[in-house]
2 protein chains.
Amino acid sequence: MLIRGGAGMGVDRAKIRWNGWGWAAHKDEFAQRDDLWKWLASELGMPALLATPARPLEELELPGGKLPLPDREALNAIAGAENVRDSAYERAFHALGRSYHDLLRLRAGDLSTAPAAVVYPRGADEVLAVLAFAARERIAVVPFGGGTSVVGGVTGARGPFQTAIALDLSAMDRMIEVDAVSGTATAEAGINGPALEKALQAKGLTLGHIPQSFEFSTLGGWIAHRGAGQLSNRYGCAGDWLVAAKLATPRGMLSTGDFPASAAGPHLADLVAGSEGIFGVITEATVRVRPVPAMNEYRGYLFRDFPSGTAAVRTAARDGNGAAMLRLADAEETRLLRAFGALGKVRRAADKLADAYLKLRGCADRPCLLIGAFEDPVSRRSFAAIARRFGAVDLSTAAGERWRRTRFQLPYLRDSLLDRGVGVAKVETASSWAKIDALYAATRAAIDAAIRETVPREGARGMVMCHIGHSYPTGACLGFTFVFPRALDGDIAQWSKIKTAASEAIVANGGTISHHLGVGEDHLPWIAQEKGALGIDVLRAIKAALDPEGILNPGKLLPPGPPEDG
Amino acid sequence: MLIRGGAGMGVDRAKIRWNGWGWAAHKDEFAQRDDLWKWLASELGMPALLATPARPLEELELPGGKLPLPDREALNAIAGAENVRDSAYERAFHALGRSYHDLLRLRAGDLSTAPAAVVYPRGADEVLAVLAFAARERIAVVPFGGGTSVVGGVTGARGPFQTAIALDLSAMDRMIEVDAVSGTATAEAGINGPALEKALQAKGLTLGHIPQSFEFSTLGGWIAHRGAGQLSNRYGCAGDWLVAAKLATPRGMLSTGDFPASAAGPHLADLVAGSEGIFGVITEATVRVRPVPAMNEYRGYLFRDFPSGTAAVRTAARDGNGAAMLRLADAEETRLLRAFGALGKVRRAADKLADAYLKLRGCADRPCLLIGAFEDPVSRRSFAAIARRFGAVDLSTAAGERWRRTRFQLPYLRDSLLDRGVGVAKVETASSWAKIDALYAATRAAIDAAIRETVPREGARGMVMCHIGHSYPTGACLGFTFVFPRALDGDIAQWSKIKTAASEAIVANGGTISHHLGVGEDHLPWIAQEKGALGIDVLRAIKAALDPEGILNPGKLLPPGPPEDG
């Protein structure tokens, strides 16, 4: 009934890029795509793209020292000398996450946030010991899962301390127990997406949490930032599927109950979800799992415009349609997706036929692509009826399967763009359905205007795209992607200006500052407005109760506080 | 699109019993039921039942004084003199809730917890002003919704202070806004079940939260104790349908975001749910609402035993069967329900025919009644198939409708029993499915043994009943009801002994100390074990951040802390 898993194996960090996305061995499929780059240059109002390569690690100096010997020896004694690492690669790899802001810094060779060392604990006891040691010695500790945060969640910041170490959980990746009767699984928090799903699917089960970072990100990271996977419509966000957690803190272990529901006060697991490493280090989690579905179909629909597509998604979400995903791209995102085709030619001949057909059906002007993932025939049928009702054209499974095949590839494109003087970044939010149209329009306009103000030459412009990626009975998530010519003499200022404009528009229009990426460093300027002064006080009080020295993940989630007493 | 409601009107407290359940005008349907009382005496191993009436209010003295004049005048200035009340009836009404322990004290005339006055604020500003005043003057404040807590959640305890006042929210009962596009509604927290549903159903919507206390309890109370209604399988518990809340605290108003989902740190609404009045006073809430279902059918099934019924409920919950309720009584509870019949004769002639039929179907020995509530044909059909698979007999809608008609009546029976020397109390819990069988057996045995140890005479015994009232993909709630001869010379000690035995069994077998009733005073001895020492520290830190003087609802939810510094 209860099945205990064996020990897993961490991912070798050297196989993953230190200053870009994903596998070091990943081949740049876009390198030879001159057609694509020409098209893009024209879209961005640039005569041609530039060559803007990143600086290699060998050229760089790592500021800040390694650990003093006594500290190093103390950590060796806790975790084993081979698990306390301070090579240049390890320190650079753990200096930052993978936000656009992070990539700008990494590519420019700014490693000022490199931790003094990286510790790979082998179990919860070692995590507790490291935290107790660090609290005593006043060393900052930055918990690190897959390192794929795109909001500055794993920056190796020291805060008010002399030294920071990264605590890389990737060696803690065992499946501990699968409880098939209750439909739950318990695993160490460092387990990554593929390892977790492999262990579960061997038992016919799945968590169904498939974020774009799936190959690299970890169970603990998903919970720490309250992530949502692509199939969240069916499987929920981390806050939904989390049943229980163990949180190692400088004051000891906090273990939350594993009840299906409880009225015994506030649920402490709800505080672990979204804690972003500032309250403690998630060492273990129990999650709700489900049978692997018998069916798994990705299907495309084309709506004549964004409002009609939005109405269809809202209708489905309100009706409790069980689709696993309903991902509706706006007209601009649809145009880009079509341009990229199946990562084949920019415009295939077949597309011209399709255009003619779509025009006939009233979809030609501003068509919007929806990709639906269906895991049972009932939700597929009922969504097909909704799509028809709102005038969509069924594109069959070809469009859907094309999207699925490439769904983990897009982050690599960001590096290819950065190599060519082009920036690409994201913001995302969520609001109630009543506010979603205004939120969409205002945020889109704010990003577009900010890009125009920051582009390096007259006439240059950005592409601002959006999709509804996650939907709920009461509202939805909007995810904006924007591509723009880099202001090479002020890359970070450019990003900051666009980010600020987008965030101000989001907050002013009733959106949350993040639906699924977290707060990290990037959203700090808006968190107090969202949570309120008393809300921030509450979060600070929780932190003080669990991490009185304030060593955990400095500078994330909570804005800088008033000066400390004493 | 957005519909604003008008002002409501509170319920006149004089129309509700001060020392028992429900409407003062309620007629005791059981008074003349000698057949029932004879049957019960025989079941309990007693020669006859006794006459044990409650003491009338006129006989009693109210210990503790009224408010000193300056305090009274300050409150008058805030809330209006007519809304600051201190008649004997008001003070007695607000002295305690409606737990078995409360009823024993009220019926014996123990009004030692009567508040010095009762304030009925008319809006959030007045609540904030009362809290600021009370914090300044060091007066305890006990938030009071419907007063139906059955865990000691509204005891007018003074804690370390000289004086306590009750803050009765029942005049704050306006529907503020119905957002039909987003499927949410915002109301003042003092609105009670019927008023809330009336306002929603006028717009074709429903919250679907129908606890047994529905007629009296309030939106704020449901959230404060993380309640679950009878239809929770479909509509969820308070923690599920709560979207946003306003919590008035001595330090000001905490307003949580109304997003459908957010990754901007822990959700503060999750801290309001289950806060039991110790962090603040819920003044307003936004909740998820749904269309009133076209269909609404209550149907009975008889299973041959509890394990086969449990397996059917688990199968339905795991499969995502959309039944609104699947309430499975164990054999003992089924026996009592049949004895009470349709509140008609103890055993109707028709029941003998039914017995013969059930015996033929293998259901005669220990049959277990399941009442299902279905709001769509799909869930009804799919549950019918599950019931057949597990060998249940379909009892049609007659059994279901009988249950529905009497679902709010049973709490009145408790008073009738108490009048006759018979006690009746409840405990409830939840666990994962893997633990549920052992939890059921151990808790049942513990209650049975404790009753036998405490009954007033040799050979007397209790009836211990249980039902699965709420079920989830990962587990379920067990609700135990037990009826027993009162130990009239030590009523409270008897209750304490049984309650302790039940709670110890629950905690030892992996159950939560409460699934839907809350912690209050009654579950304090076990809360630290459930939350852990660090968990309690976290909750204390939150309280200190919001209620630094500790004036709010003393003695609830959190165990007595270490002596304060200074």
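Strand 9 (residues 242-249) of chain A and strand 11 of chain A run antiparallel and are joined by six bridges; strands pair here if DSSP finds at least two bridges between them. Strands (E, at least two residues) and helices (H or I, at least four) are DSSP runs, numbered from the N terminus. The model is a predicted one, so local features need pLDDT of at least 70 and side-chain atom pairs count only at pLDDT 80 or more, while totals for chains, interfaces and linings use all residues. As for bookkeeping, residues are numbered from 1 along each chain as its sequence is written, chains are lettered from A and ligands numbered from 1 in the order in which they are written, and side-chain values use heavy atoms, with hydrogens and water left out.

Back to the sheet. Strand 11 (residues 281-288) has seven of its eight residues buried, so the rest of the structure largely encloses it. Buried means under 20% relative accessible area and exposed over 50%, with partly exposed in between (1.4 Å probe, protein chains only).

Over in chain B, helix 14 (residues 377-389) has 13 residues and spans 18 Å from its first C-alpha to its last, close to the expected 18 Å; the expected span is 1.5 Å times one less than the number of residues. Its buried residues are B:Ser379, B:Phe383, B:Ala384, B:Ile386 and B:Ala387. Seen down the helix axis, these fall within an arc of 165 degrees, so they line one face of helix 14; the arc is taken over directions from the helix axis to the C-beta atoms. The cover over them includes strand 13 (297-303), helix 11 (306-319), strand 14 (325-329) and strand 15 (368-374) of chain B, with contact meaning heavy atoms within 4.5 Å. Turned away from that buried side are the exposed residues B:Val378, B:Arg381, B:Arg388 and B:Arg389. At the start of the helix, a side-chain oxygen of B:Asp376 comes within 3.1 Å of the backbone nitrogen of B:Val378. After helix 14 comes B:Gly391, with a positive phi near 75 degrees.

Finally, the two chains together. Chain A superposes on chain B (RMSD 0.0 Å) by a rotation of 180 degrees with 0.0 Å of shift along its axis, which is the relation of a two-fold axis. Among the residues of chain A, A:Ala541 comes closest to the rotation axis, at 2.8 Å (C-alpha).

Definitions and conventions:
Least-squares fit on C-alpha atoms with pLDDT ≥ 70 in both. Polar contact = N/O pair within 3.5 Å; in protein donor to acceptor, adjacent residues only side chain to side chain.
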